[in-house]
Amino acid sequence: MPEGDTVWQAARRLHDALAGEVLIRSDFRVPRYATADLTGRVVLDVTPRGKHLLTRVEGGLTVHSHLRMDGSWKVFAAGQRWSGGPAHQIRVILGTTGRTAVGYRLPVLEILRTADEERAVGHLGPDLLGPDWDPGRALVNLRADPARPLGEALLDQRNLAGVGNVYKCELCFLLGVTPWLPVGDLPAARAVQLPALAKKLLEANRDRPIRRTTGLRGQDLFVYGRASRPCLRCGTPVRLADQGDGSRERPTYWCPTCQAGPAPRPGGSVGTGRRRGRR
């Protein structure tokens, strides 16, 4: 599941493979850009912006892509067999003499003028792994809608860029509140901690092949993916329910003992919950 750290890793792999090299192959397999040809151009850099990837080439052009849930970029050496999926899932191929980058199942793929990149990413909030990171601005953004559930606010890339569903669940656990707690009800001390904690988690994992939030050997995550298994802190079975704004529901994990605040009832409605949890 691509989140800010995995997109950062993908950008680094692409940059190491392509930057400074001349493209000898350019194959866009989406109707809008079927005739586009970037061969002969030098790749300048590959930069992550939240969950977006910006591959800049000379001549003032940028290949903008977004992985969403299923997309991926794979890099192959010359002569290496491609293994990212069947050929019909390939959306773009960018190749140099030594490396070939292949984009599989990319739901967002476009070529735009580098000067117009803001059209694609200008709506994003401060990037947790970017040079524009501003914890104060991120907190102001999150607090702009006090009634909004914290989990939904964390996933809104307009507030801060880079948090996905895994980090949403883990951050709420570490803060001791449920993802359904209204942002305005988050205790002030923990609200102030939130941006720095989010950045700490993503920075700690951007160079790791396996995402870890616990610091515990053999246990990578506190709650995500642990439905019905005992909480690593209190032993209570971790619960699972969907959370979303009506357009997309996300599987959401939490500990009903360690995390205070509202939580879904068996029928699907969200109850007020008891004010329990770590303080």
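**Reading a predicted fold, feature by feature**

Reader: Is Ala78 buried or exposed?

Author: Here's the scale: buried is under 20% relative accessible area, exposed is over 50%, and partly exposed is in between (1.4 Å probe, protein chains only). Ala78 has 59%, so it counts as exposed.

Reader: Which residues is Ala78 in contact with?

Author: A contact means heavy atoms within 4.5 Å. Setting aside neighbours within four places in sequence, Ala78 is in contact with Thr97 and Gly98. Its C-alpha atom is also 9.2 Å from that of Gly95, 17 residues away along the chain.

Reader: How do I read the sheet, and in what order do the strands come?

Author: Strands of a sheet pair through backbone hydrogen bonds, either parallel or antiparallel. Here, two strands pair if DSSP finds at least two bridges between them. In this model, 4 strands make an open sheet in the order S1-S6-S7-S5, with antiparallel pairing. Strand S1 (25–28) and S5 stand at the edges with a single partner strand each, so one side of each has no neighbour in the sheet. S1 is joined to S6 by 4 bridges, and Ser26 has Leu94 in S6 as its bridge partner. Helix H1 (residues 4–18) packs on this sheet, touching S5, S6 and strand S7 (99–104), and its direction makes about 35 degrees with that of S5. For such angles, axes are lines fitted to C-alpha atoms (for helices, over the stretch in contact), and values run from 0 to 180 degrees between N-to-C directions.

Reader: And how many residues lie between S2 and S3 in their hairpin?

Author: There are 2 residues between them, and Gly50 in the turn has a positive phi of about 60 degrees. Strand S2 (residues 43–49) and strand S3 (residues 52–57) run antiparallel and are joined by 6 bridges. Pro48, for instance, has Leu53 in S3 as its bridge partner.

Reader: Which residues of helix H3 are buried?

Author: In H3 (residues 135–143), the buried ones are Ala138, Leu139, Asn141 and Leu142. They span an arc of only 160 degrees around the axis, so they sit on the same side of H3. That arc is taken from the directions running from the helix axis to the C-beta atoms. Their cover includes helix H4 (150–155) and H6.

Reader: Last one, cysteines: how many disulfides does the whole structure have?

Author: A disulfide is a pair of cysteine sulfur atoms within 2.5 Å. The search of the whole structure finds 0. Cys231 is in none, as its nearest cysteine sulfur, that of Cys255, is 3.7 Å away. For Cys255, the closest cysteine sulfur is in Cys234 at 3.5 Å, too far for a bond. Cys231 is buried at 5% relative accessible area, and Cys255 is buried at 0%.

Technical notes: Residues are numbered from 1 along each chain as its sequence is written. This is a predicted model: local features need pLDDT of at least 70, side-chain atom pairs count only at pLDDT 80 or more; totals for chains, interfaces and linings use all residues. Side-chain values use heavy atoms; hydrogens and water are left out.
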